[in-house]
Amino acid sequence: MTGHDPHHPAPASVPVPGHRHPPDDRDRIARAALTRIIEPGDPRAGQWLDRLGAGELLDRITTSTDNPRGEPPLPGAGPRRLAAYRARAATADPHRDLDTITATGGRFICPGDPDWPTQLDDLGPTRPIGLWTRGQAPLRTWALRSVAVVGARACTPYGTHMATTLATGLAERGWVVVSGAAFGIDGAAHRGALAADGATAAVLACGVDVCYPAGHTELLRRITQQGIVIGELPPGDHPTRSRFVLRNRVIAALTRGTIVVEATYRSGSLVTARHARELGRHVMGVPGPATSALSAGVHELLRAEGTLVTDADDVIEMTGRIGELTPRRRGPVHPEDFLDPESARVLEALPARGSAHPADLATAAGTTTDRTLARLYELHALGFVERTGESWTLTPRTHRESNTRRGGP
């Protein structure tokens with residue numbers, strides 16, 4: 001368990017390439033290639049990446065000539081592993097993958113980018129090489145106020161109801177609901193957030209342009225429009241059993257806490273909870289009938305390190321204890337000055353008194369309702385606005401600062 005705030009990166013023992021500065025084109029292209037060569041969560045590869053940098057690591061994988069000193073290109077990598085890397089590298093085309101994600105309206109986010117969620121750095125050598133995303137939501141600020149809701153695929157009506165209700169309540173209070181887009185509890189959580197016109201993020205175990213499961217094609221399309229879809233694998237890659245398991249560490253690290261709704265003793269959602277505990281995040285569970293095998297795993301979790309929750313208020317009481325998510329800026333510079341133009345227009349569109357609906361704000365700001373919702377949740381995470389039912393208002397602090405700015409010299 002980490003001993004620091006889980007949403008501020010811990011000091012690294014070795015320099016992390018691209019951690020403090022935005023990656024250059026060579027680093028970005030190399031990282032894109034490496035996502036096709038190296039499986040997610042490979043700790044040995046993560047150590048090489050930290051020590052060598054993405055460009056040097058890719059060069060050592062793809063260069064067939066031996067080191068002049070007779071040393072192996074990758075210390076600790078046997079011939080079979082290196083041969084497997086080189087076979088994948090031979091078919092990798094990072095320029096094609098980057099063009100593909102851009103054509104779908106997506107992005108490839110690397111460590112050091114302004115939108116990189118720095119809490120993922122807590123994963124150490126198993127940190128993602130990069131994140132392929134679809135959707136225009138600001139991932140870094142959304143992750144500051146996010147909670148994971150996970151659980152069984154073959155869930156009961158009770159589990160579906162609890163996941164939907166929890167997600168709706170969290171979304172109505174301005175929290176981002178994160179899950180894995182699987183059948184069952186995951187799908188119920190995403191739908192609950194979407195039904196409340198809220199923010200939700202899906203972390204996939206495949207390429208973000210692959211609709212898996214196929215039965216969730218429409219759900220994933222809606223998440224892409226209103227939220228964001230995230231994955232470590234490049235466009236077109238398909239899921240495997242191990243990739244589902246490894247995906248769980250990203251869900252745990254990305255969020256402030258994980259809620260498990262229905263799980264058997266061997267459920268993958270308990271793996272997510274275990275990662276959350278190891279990372280110092282909050283671990284929560286929703287109790288169920290003692291006679292249900294789908295509640296057995298959750299009850300075991302609650303007997304150990306988990307905290308019992310039954311509604312959104314319980315969750316917020318747990319995850320909101322750390323306090324302010326961003327430090328208050330002092331001096332003559334106003335926080336609004338750091339907003340991107342679209343967020344600033346949405347903020348300016350809000351009335352000084354009273355509330356406004358996202359559709360009206362979208363018209364005033366000259367953008368779409370989905371993009372307005374994304375910006376509102378970003379502004380909420382930064383403390384500028386509050387959600388009241390279906391509408392949004394300025395926070396009292398924003399009232400004062402905004403009036404001072406407009407009425408001052």
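Reply: We take the cavities, then one tryptophan. Keep in mind that this is a predicted model.

Me: How many cavities of 30 Å³ or more does the structure hold?

Reply: Rolling a probe the size of a water molecule over the atoms shows where empty space is left. Here there are four cavities of 30 Å³ or more.

Me: Which residues lie nearest the centre of the largest cavity?

Reply: Gly41, Leu49, Arg127, Pro128 and Ile129, out of 21 lining residues. Helix 1 (25–37) and helix 2 are the elements that each give two or more residues to this lining. Helix 2 supplies the largest share, four residues. By class, the lining has nine nonpolar, six polar and six charged residues.

Me: And which residues line the second largest cavity?

Reply: Pro40, Leu204, Ala205, Gly231, Glu232, Leu233, Arg243, Leu246 and Arg247. Helix 10 (residues 241–254) gives the largest share, three residues. Five of the lining residues are nonpolar, one is polar and three are charged.

Me: Now the side chain. Is tryptophan 48 buried or exposed?

Reply: Tryptophan 48 is in helix 2 (residues 43–52). Its relative accessibility is 1%, so tryptophan 48 counts as buried.

Me: What is tryptophan 48 in contact with, leaving aside neighbours within four places in sequence?

Reply: Gly53, Leu57, Leu74, Pro75, Gly76, Ala77, Arg81 and Tyr85. A polar atom of the tryptophan 48 side chain lies 3.1 Å from the backbone oxygen of proline 75.

Me: How far apart are tryptophan 48 and proline 125 in space?

Reply: 8.7 Å, C-alpha to C-alpha, while 77 residues apart in sequence.

How values were computed: Residues are numbered from 1 along each chain as its sequence is written. This is a predicted model: local features need pLDDT of at least 70, side-chain atom pairs count only at pLDDT 80 or more; totals for chains, interfaces and linings use all residues. Side-chain values use heavy atoms; hydrogens and water are left out. Buried means under 20% relative accessible area, exposed over 50%, partly exposed in between (1.4 Å probe, protein chains only). Contact means heavy atoms within 4.5 Å. A polar contact is a pair of N or O atoms within 3.5 Å; within protein, one must be able to donate a hydrogen and the other to accept it, and residues adjacent in sequence count only if both atoms are side-chain atoms. On a 1 Å grid over the protein atoms alone, a cavity is a set of points where a 1.4 Å probe fits but cannot get out, and a pocket is an open set with protein on both sides within 12 Å along at least five of seven lines; lining residues have an atom within 4 Å of a point. Grid points are joined across faces, edges and corners, and a volume is the space filled by probe spheres set on the points. Ala, Val, Leu, Ile, Met, Phe, Trp, Tyr, Cys and Pro count as nonpolar, Asp, Glu, Lys and Arg as charged, and the others, Gly among them, as polar.
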